[in-house]
Amino acid sequence: MPRESKAAKIQRAAEIEQVMYQLYGEGACSLDYRDPFTLTCAVVLSAQCTDAAVNKVTPTLFDAYPTPQALAGAKLEDVEAVIRTLGFFRAKAKNLIALAQKLCLDFGGVVPQDVDALQTLPGVGRKTANCVMCEAFRDPQGIAVDTHVYRIAHRLKLAGPSADTPAKTEAALLAVYPRDQWLFINHQWVHFGREYCQARNPKCAECPVGQKGLCPSFSPA
Ligand code: SF4
């Protein structure tokens, strides 16, 4: 691909988003939750797991521990028993209880509406914090870069080879998308990554983004 100017990349990024809106609207979170607290727990549980697997255990978890106060007093083995079908369930159970305890101690039992404060909670990194800011508070302070968003950003060459971490990839996306679109990109791209731009054998021949000439990696086999 010939070198692309910043203006041309921003224009291409906008056209890609138009396709994403046509395909998925504003997108939707595939994790079930009830409020900012339960969303935070669900996102923590989703690390290295499918959202469907998380959704199978969270109704029981949220019924038993509906608030930070309830979860802060939970026994570790009881939480482990509820989430034991998930990978890394021991570490996740420990993190969930510690997260609830910190919410009670430092934040009055309320999930903070701030991306930096969220990252002080056990088990919460920048991706999780961005998810909570977008989904629970509709107040995007970044774009959650998970495995789908990372892969697609690089295939679309909206992030260059030097953006070799999620944080650098997020910075590259923030530079080409206006803030009002940060809210939707993660959900839309997760759906797009599952439907077309899969990790193995992307469906370029059927891909609406590729068909419009917007993807430098377009490769119809
Ligand atoms: S054309 Fe292929 S590589 Fe490009 S976004 Fe579509 S599926 Fe992914």
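Residues are numbered from 1 along each chain as its sequence is written. In this predicted model, local features need pLDDT of at least 70 and side-chain atom pairs count only at pLDDT 80 or more, while totals for chains, interfaces and linings use all residues.

Q: How far apart do the C-alpha centres of domain 1 and domain 2 lie?
A: Domain bounds come from an automatic or database domain assignment. Domain 1 covers 6-28 + 143-211, and domain 2 covers 36-135. Their C-alpha centres are separated by 27 Å.

Q: Which helices each supply at least two residues of the side of domain 1 that touches domain 2?
A: Two residues are in contact if their C-beta atoms, placed from the backbone, lie within 7 Å. On that basis, 8 residues of domain 1 meet 5 residues of domain 2. Helices here are DSSP runs (H or I, at least four residues), numbered from the N terminus. On the domain 1 side, the helices asked for are α10 (166-176) and α11 (179-195).

Q: How many residues on the side of domain 1 that touches domain 2 are nonpolar?
A: Ala, Val, Leu, Ile, Met, Phe, Trp, Tyr, Cys and Pro count as nonpolar, Asp, Glu, Lys and Arg as charged, and the others, Gly among them, as polar. This side has 1 polar and 1 charged residue. The nonpolar count is 6.

Q: At what angle do the axes of α2 and α8 cross?
A: Axes are lines fitted to C-alpha atoms, for helices over the stretch in contact, and angles run from 0 to 180 degrees between N-to-C directions. The axes of α2 (residues 36-45) and α8 (residues 126-135) come within 10 Å. Their crossing angle is roughly 145 degrees.

Q: Which residues of α8 make the contact with α2?
A: From α2, the contact takes Pro-36, Leu-39, Thr-40, Val-43 and Val-44. Both sides together hold 6 nonpolar, 2 polar and 1 charged residues. The α8 partners are Thr-128, Cys-131, Val-132 and Glu-135.

Q: Is α2 roughly parallel or antiparallel to α6?
A: The axes of α2 and α6 (residues 89-106) cross at roughly 155 degrees, coming within 10 Å. Angles under 35 degrees count as roughly parallel, over 145 as roughly antiparallel, 65 to 115 as roughly perpendicular and the rest as oblique. So α2 and α6 are roughly antiparallel.

Q: How are α9 and α11 oriented to each other?
A: The axes of α9 (residues 147-155) and α11 are 9 Å apart. Their packing angle is about 80 degrees. The two helices are therefore roughly perpendicular.
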